[in-house]
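Subject: Structure handover and notes

Dear colleague,

Please find below the structure I promised to pass on.

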Amino acid sequence: MMKLEELSVRQIKGVSAQKEGELHAFGVHTVADLLGYFPFRYEDYRIRGLTEVKDGEKVTVQGKIMGDPLLQRYGKAKSRLTCKVVVDGVLVTAVWFNRHFLQEQIVPGRDIILTGKWEQRRLQLTVSESEFPDRGAARSGTLQPVYSVGGSLTQPWMRKTIKQALLQFGPMVEELLPTELMDKHRLMPRAEAIARIHAPDDSTEGQAARRRLVYEELFLFQLKLQAYRSLNRSRKDGVAIAVDPEIIRQFVRTLPFELTDSQKKVINEILADMRKPSCMNRLLQGDVGSGKTVVAAVALLAAVKSGHQGALMVPTEILADQHMRSLQRLFEPAGVQVGLLTGSMTERRRRDVLAGLLMGLTDIVVGTHAIIQEGVNFRSLGLVVTDEQHRFGVNQRSILRRKGMNPDVLTMTATPIPRTLAITAFGDMDVSTLRERPQGRKPIKTYWVKHGMLERVLGFIRREVDAGRQAYFICPLIEESDKLDVQNAIDLHIQMQQAFPDLAIGLLHGRLSAGEKDEVMRAFSDNEVHMIVATTVVEVGVDVPNATLMIIMDAERFGLSQLHQLRGRVGRAEHQSFCVLIADPKSEIGRERMKVMTETDDGFEVSRRDLELRGPGDFFGTKQSGVPEFKLADMAADFAVLEEARDDAADLTSRETFWTDAIYTRLREVLQKEQLFQGDLLD
Ligand SMILES: Nc1ncnc2c1ncn2[C@@H]1O[C@H](COP(=O)(O)OP(=O)(O)OP(=O)(O)O)[C@@H](O)[C@H]1O
């Protein structure tokens with residue numbers, strides 16, 4: 001028997017080639033797609049008594065026509081049709097606009113069902129839809145689904161077509177969930193839920209159908225993450241990185257600081273994970289400035305000292321350069337060779353690095369994400385350290401695997417992720433968290449000022465610079481125009497040079513060449529420049545511990561986590577640091593954001609408040625694609641279900657039977673479709 005996901009919508013009676021084309025635009029290709037095209041709300045046509053209805057409300061009532069209709073015409077097309085109807089013993093005036101053709105059907109004594117807006121004062125109902133019980137009245141008394149439609153696909157057409165699809169194919173809907181889980185959560189069968197969600201008898205039933213389908217959606221999503229995770233764990237073809245602990249201890253002794261307890265704890269977690277022959281897939285989350293780099297360095301060293309190579313992927317060339325230099329400094333005594341691979345380097349140097357990697361002369365390569373993709377081959381890649389924007393999904397893994405590499409992966413993020421989202425987006429990973437910042441760090445003092453107070457801000461800059469410290473002045477980001485961004489930075493730079501003729505002030509923006517950017521950052525980090533004016537190119541990861549003042553112009557244009565990231569560029573050593581937000585936010589949420597920033601400098605708290613203000617859908621913005629769009633589930637409202645689904649999925653995938661038992665065939669097919677274990681478990 002053909003599967004519903006293999007049957008074209010043309011198989012449904014009434015779907016022409018033209019309609020098929022339009023359905024494609026809504027992502028609907030197959031019968032399964034159409035049955036899964038759920039309504040986003042219902043229109044309530046259930047008949048109610050007039051006494052329950054409030055003035056101005058939309059309502060459906062049943063009554064008896066009491067007199068002849070009265071038709072008034074205005075010009076060719078416009079008309080007003082009225083008649084008296086008795087509803088619940090009250091004489092009501094029903095009014096139709098531009099429905100003159102109904103005149104003949106309105107006969108005294110006939111029963112009628114009216115849907116429309118109720119006007120209490122005039123006892124009048126402005127009718128939007130009407131039906132006659134003696135003609136069937138199919139709509140009345142029901143909840144009608146409302147679909148997202150457009151073009152020639154009207155609401156009635158969609159309703160009719162989905163009804164038809166259910167009629168023809170409803171019985172073919174297969175169950176996906178194991179009985180065990182349906183019993184556990186008292187869920188209705190899939191076929192029933194799909195039929196019900198399109199045509200519920202009442203709202204309880206609609207909700208029960210929705211609950212079943214939400215659970216299914218979240219469960220399948222979690223199943224994919226958990227299956228991926230459990231496959232990774234069960235495979236023994238990863239790189240087992242067993243390093244002599246003494247080498248690590250010795251390295252740690254060469255550091256200019258004592259590791260925090262948090263750093264020691266996560267290093268232990270990571271090394272224990274790397275030691276296993278399965279692939280590590282671990283998320284390291286830590287607030288800005290919590291010292292993630294040195295943790296990554298230890299992991300990389302472990303890979304190198306056990307005979308493998310490491311790669312560190314960063315989002316920008318500035319960061320590649322910075323990390324390259326700090327790793328070189330750190331690894332100097334250990335005799336580890338670090339290479340740099342970026343888009344802007346000369347072909348010759350690139351060739352040298354590539355040869356070094358292939359022959360194993362280069363131990364660690366630092367670069368943007370191109371280091372994994374473009375014709376880069378390693379002698380033996382043991383560990384990839386990456387950031388959450390380039391997180392390793394199934395696809396990246398398989399690219400590497402095809403090249404014969406199966407390294408451990410450590411993903412770092414400085415945006416602490418509220419638990420809600422962590423289990424959603426990163427359910428496939430183990431998580432290590434850096435809770436504390438290095439000792440002796442003072443909380444960053446944050447102030448919010450209006451634009452009118454720029455003079456005082458200048459005084460602030462002077463004070464910090466006189467004390468030997470450095471400052472950042474960040475310009476707003478104007479998304480529509482990269483040109484404007486740059487112009488803003490250039491203007492502000494000129495303004496600052498005029499205000500401080502005796503200071504060295506650098507300028508950093510996206511239009512500079514990689515070499516120019518590096519030079520500005522180098523001069524700033526060697527304290528040859530007192531202040532830099534920059535667009536957000538400095539946002540992530542830049543580390544200049546002597547900088548103590550972060551000023552952000554038009555701060556309302558930034559999101560909370562971005563502001564927190566920017567603020568995290570200061571407060572990276574023992575000096576008291578400051579952040580000044582210059583903003584005149586227009587909205588309440590904008591003001592709320594500024595307040596959050598002044599109230600806390602704890603990234604976990606900022607994330608929590610951000611989630612609250614923005615809602616989960618928006619939380620990650622566009623950058624993090626890790627958070628999926630759900631069709632039905634709402635991450636905030638259905639969080640409890642998400643947790644259940646995660647536990648169920650984890651439990652199921654950890655069982656041997658899941659991978660072999662026939663009752664799970666359909667579920668394994670779902671995973672296979674996602675290319676989750678092609679050539680993995682089934683071969
Ligand atoms: N245990 C420690 N004691 C003192 N200083 C430390 C310690 N660990 C790291 N540092 C220093 O703290 C600064 C911040 O560390 P690092 O750059 O690793 O932060 P990060 O976690 O990557 O933050 P961000 O996400 O903001 O880049 C660096 O200058 C680093 O040398």
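This is a predicted model: local features need pLDDT of at least 70, side-chain atom pairs count only at pLDDT 80 or more; totals for chains, interfaces and linings use all residues.

Residues are numbered from 1 along each chain as its sequence is written.

Strands of a sheet pair through backbone hydrogen bonds, either parallel or antiparallel. Here, an open sheet of 7 strands with parallel pairing has the order β11-β12-β10-β13-β14-β9-β15; strands (E, at least two residues) and helices (H or I, at least four) are DSSP runs numbered from the N terminus, and two strands pair if DSSP finds at least two bridges between them. Because β11 (338-341) and β15 (430-434) stand at the edges with a single partner strand each, one side of each is left without a neighbour in the sheet. Neighbouring strands of this sheet are turned by 20° against each other on average, direction ignored. The partner of β11 is β12 (residues 364-367), joined to β11 by 4 bridges, and L341 stands opposite G367 in β12. Helix α11 (residues 347-359) lies across β10 (309-313), β11 and β12, running at about 130° to β11, where axes are lines fitted to C-alpha atoms, for helices over the stretch in contact, and angles run from 0 to 180 degrees between N-to-C directions.

The largest nonpolar core has 100 residues, of which A299, L300, V533, I551 and I552 touch the most other members. Such a core is a set of buried Ala, Val, Leu, Ile, Met, Phe, Trp, Tyr and Cys residues joined through C-beta atoms within 7 Å, and buried means that 20 or more other C-beta atoms lie within 10 Å of the residue's own, with C-beta atoms placed from the backbone. Helix α9 (residues 292-305) gives the most to this core, with 10 residues. Leaving aside neighbours within four places in sequence, L300 is in contact (C-beta atoms, placed from the backbone, within 7 Å) with G310, L312, I364, L383 and V385. A second, separate core of 43 residues includes Y37, A165, A195 and F219.

Elsewhere, β6 (residues 111-119) pairs in the antiparallel sense with β2 (residues 58-65) over 7 bridges, and V59 stands opposite G116 in β6. Strand β6 also pairs in the antiparallel sense with β7 (residues 124-131), over 7 bridges, with I113 opposite E131 in β7.

Best wishes

Key
Two residues are in contact if their C-beta atoms, placed from the backbone, lie within 7 Å. A residue is buried if 20 or more other C-beta atoms lie within 10 Å of its own, exposed if 12 or fewer, and partly exposed in between; C-beta atoms are placed from the backbone.
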